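Hi,

Here is the structure I promised to pass on. My notes on it follow below.

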Amino acid sequence: MSEKTELLNFIYKNANMGETAMPMVIGMVTRPDLRAVLSSCLMDYRAVGGAAKETMRRCGHRGEDPGAMKKAMMKTVLHWNALLSPPPRHIAEMMIRGSTMGAIQMSKRINAYRYTAGEEALMLAERLLKVEEETVERMKAFCEGEKNQNENRKNCVMGMKSNRT
């Protein structure tokens with residue numbers, strides 16, 4: 001297998017994992033603004049994964065799925081998180097962890113294949129890296145938003161206590 005195909009396959013697997021996880025994560029969320037952001041992320045993963053698969057097809061190769069065991073593990077983790085009825089902050093933190101891991105892996109691959117995989121594969125790798133980085137940034141807003149809400153509640157309670165004295 002050529003290095004171009006190896007990189008494309010890695011891109012496809014990572015995007016496929018995101019594409020598989022997102023509907024489950026979206027199903028855990030009731031907040032419309034978070035659902036909208038997650039749906040947008042799902043579309044990004046589908047676009048990158050589809051482009052990688054199409055590029056491999058043109059080169060005469062098929063994309064490999066991440067594997068049943070890896071998908072089963074991910075589904076189990078998501079299932080247990082869903083049972084806990086996670087707040088938006090927890091969902092955002094979970095997404096940040098996953099996207100950060102994906103960004104690190106993709107950065108390593110980009111550096112390893114920079115001179116050997118070809119421009120088209122590198123452009124797709126950089127596109128997926130950008131999706132991962134943007135996902136992290138978009139999810140931070142849900143962590144900060146909830147943090148600010150909690151601080152406002154705390155300040156309100158503190159204000160009520162100080163008014164009583």
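A definition to begin with: axes are lines fitted to C-alpha atoms, for helices over the stretch in contact, and angles run from 0 to 180 degrees between N-to-C directions. Helices are DSSP runs of H or I with at least four residues, numbered from the N terminus. This is a predicted model, where local features need pLDDT of at least 70 and side-chain atom pairs count only at pLDDT 80 or more, while totals for chains, interfaces and linings use all residues. Residues are numbered from 1 along each chain as its sequence is written, and side-chain values use heavy atoms, with hydrogens and water left out.

Let's start with the helix pair. The axes of α1 (residues 3-28) and α4 (residues 88-113) come within 11 Å and cross at roughly 175°. The two helices are therefore roughly antiparallel (angles over 145 degrees count as such).

Now to α2, whose 27 residues reach 39 Å from first C-alpha to last, close to the 39 Å expected at 1.5 Å a residue (the expected span is 1.5 Å times one less than the number of residues). Glycine 49 lies in this helix, residues 32-58, and counts as buried because its relative accessibility is 3% (buried means under 20% relative accessible area, with a 1.4 Å probe and protein chains only). Beyond its neighbours within four places in sequence, glycine 49 is in contact with Tyr12 and Ala15. Just after α2, glycine 60 takes a positive phi of about 85°.

Best wishes

Terms used: Buried means under 20% relative accessible area, exposed over 50%, partly exposed in between (1.4 Å probe, protein chains only). Contact means heavy atoms within 4.5 Å. Angles under 35 degrees count as roughly parallel, over 145 as roughly antiparallel, 65 to 115 as roughly perpendicular and the rest as oblique.
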